[in-house]
Amino acid sequence: VFGSESALLSDKAKAKLEKFTVHLKSNPGLRIQLLAHASGTEEAASQARRLSLSRALVVRSFLIEQGLPSIRIDVRALGNKGRGKPADRVDLVFTDG
């Protein structure tokens, strides 16, 4: 979860991501898809998409810093077109590689 206009990872988010990284490292057949969201109006859809991409890339960079190969990470910037709450978040979806 991110602040309304932020793409910075909180310490709490980093701790969760570290746990996911351990799980992914111990399961080399798994890949991860980052589904990034941002709040915003229809008029600001382009801005929301850019913000969601920034968030996804921050999460991706953190996972790579933790030792996860970039080839196992897919990024999707959904902007304000995604569903669910909270609107300002990045969802992690595990898939078989």
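Helix H1, residues 11-25, lies across strands E1 and E3 and runs at about 5° to E3. Contact here means heavy atoms within 4.5 Å, and the angle comes from axes fitted to C-alpha atoms, for helices over the stretch in contact, on a scale from 0 to 180 degrees between N-to-C directions. Helices are DSSP runs of H or I with at least four residues, strands are runs of E with at least two, and both are numbered from the N terminus. Keep in mind that this is a predicted model, where local features need pLDDT of at least 70 and side-chain atom pairs count only at pLDDT 80 or more, while totals for chains, interfaces and linings use all residues. Residues are numbered from 1 along each chain as its sequence is written, and side-chain values use heavy atoms, with hydrogens and water left out.

**The sheet and the other helix**

- Three strands make up an open sheet with mixed pairing, in the order E2-E1-E3; two strands pair if DSSP finds at least two bridges between them.
- E2 (73-79) and E3 (90-96) sit at the edges with a single partner strand each, so one side of each has no neighbour in the sheet.
- On average, neighbouring strands are turned by 20° against each other, direction ignored.
- E1, residues 30-37, pairs with E3 in the antiparallel sense over 7 bridges.
- Across from Val90 in E3 you'll find Ala36.
- Helix H2 (residues 45-65) lies across E1, E2 and E3, and runs at about 160° to E2.

**Salt bridges**

- The whole structure has 3 salt bridges, each being a side-chain nitrogen of Lys or Arg within 4 Å of a carboxyl oxygen of Asp or Glu.
- Asp74 and Arg31 meet through their side chains at 2.7 Å, N to O. This pair links distant parts of the chain, with Asp74 in strand E2 and Arg31 in strand E1, 43 residues apart.
- Asp88 and Arg55 form a salt bridge too, at 2.9 Å from N to O. Asp88 is in the loop between E2 and E3 and Arg55 is in helix H2, so the pair ties together parts that are 33 residues apart in sequence.
- Asp91 pairs up with Arg89, and their closest N and O atoms are 2.9 Å apart.

**Buried or out in the open**

- Buried means under 20% relative accessible area, exposed means over 50%, and partly exposed is in between (1.4 Å probe, protein chains only).
- Asp88 and Arg55 are both buried.
- Asp91 is partly exposed at 24%, whereas Arg89 is buried at 9%.
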